[in-house]
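Please read the sequence and the model below together.

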Amino acid sequence: MNRIKNVRFMAFYKKQKMNGKWYPRSFTVGTMDTDQVAERLSQISTVSKGDTYAVLLGLGEVLGGMLEAGYSVKLKGVGTFYLTGRAEGQGVDTPEEVSGQQFSKLQVRFIPEYRRMQNGQVTGRTLVPDKVEWVEMELAK
């Protein structure tokens with residue numbers, strides 16, 4: 001999806017006190033669900049909302065199967081999904097004792113697609129707006 005250049009995107013924050021100091025804490029204003037994503041995708045494509053919805057419902061199963069098989073999954077215009085394991089607790093004394101049983105957590109990680117200049121500097125990410133206007137939101141009374 002192409003973004004409109006020179007448009008500011010809003011992100012929201014609330015004031016939060018931690019350890020005697022005040023900081024901004026970012027937050028979201030809600031959650032968009034599969035139906036809403038399908039609706040928006042159907043508006044910018046030639047695919048019906050129902051067909052788009054069906055594909056989105058199957059996406060999790062397909063990605064999960066690919067990740068389970070040991071692959072990372074790169075979706076053009078979105079980014080790359082991959083699994084990582086985290087070993088917590090006590091390590092072992094020798095390489096021969098290392099095993100997969102030491103992993104206590106399995107997580108799906110995500111890296112948004114990005115563009116680089118010739119010098120290797122990242123110039124933009126597809127899911128991260130170039131310009132963000134931070135807006136303070138006060139708690140509803």
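**Salt bridges**

The structure holds five salt bridges, a salt bridge being a side-chain nitrogen of Lys or Arg within 4 Å of a carboxyl oxygen of Asp or Glu. This is a predicted model, in which local features need pLDDT of at least 70 and side-chain atom pairs count only at pLDDT 80 or more, while totals for chains, interfaces and linings use all residues. Residues are numbered from 1 along each chain as its sequence is written, and side-chain values use heavy atoms, with hydrogens and water left out.

One of the pairs is Lys15 with Glu136, whose closest N and O atoms are 3.5 Å apart. This pair links distant parts of the chain: Lys15 belongs to strand S1 (residues 9–18) and Glu136 to strand S8 (residues 132–136), 121 residues apart. Strands (E, at least two residues) are DSSP runs, numbered from the N terminus. Lys15 is exposed, at 55% relative accessible area, and Glu136 is partly exposed, at 31%. Here exposed means over 50% relative accessible area, buried under 20%, and partly exposed in between (1.4 Å probe, protein chains only).

Glu88 takes part in a salt bridge with Arg86, with closest N and O atoms 3.9 Å apart. Arg86 is partly exposed at 36%, and Glu88 is partly exposed at 40%. Glu88 also forms a salt bridge with Lys105, where the closest N and O atoms are 4.0 Å apart. Glu88 lies in the loop between strand S4 (79–87) and strand S5 (103–112), and Lys105 lies in strand S5, so this pair ties together parts that are 17 residues apart in sequence. Lys105 is partly exposed, at 40% relative accessibility.

Technical notes:
Helices (H or I, at least four residues) and strands (E, at least two) are DSSP runs, numbered from the N terminus.
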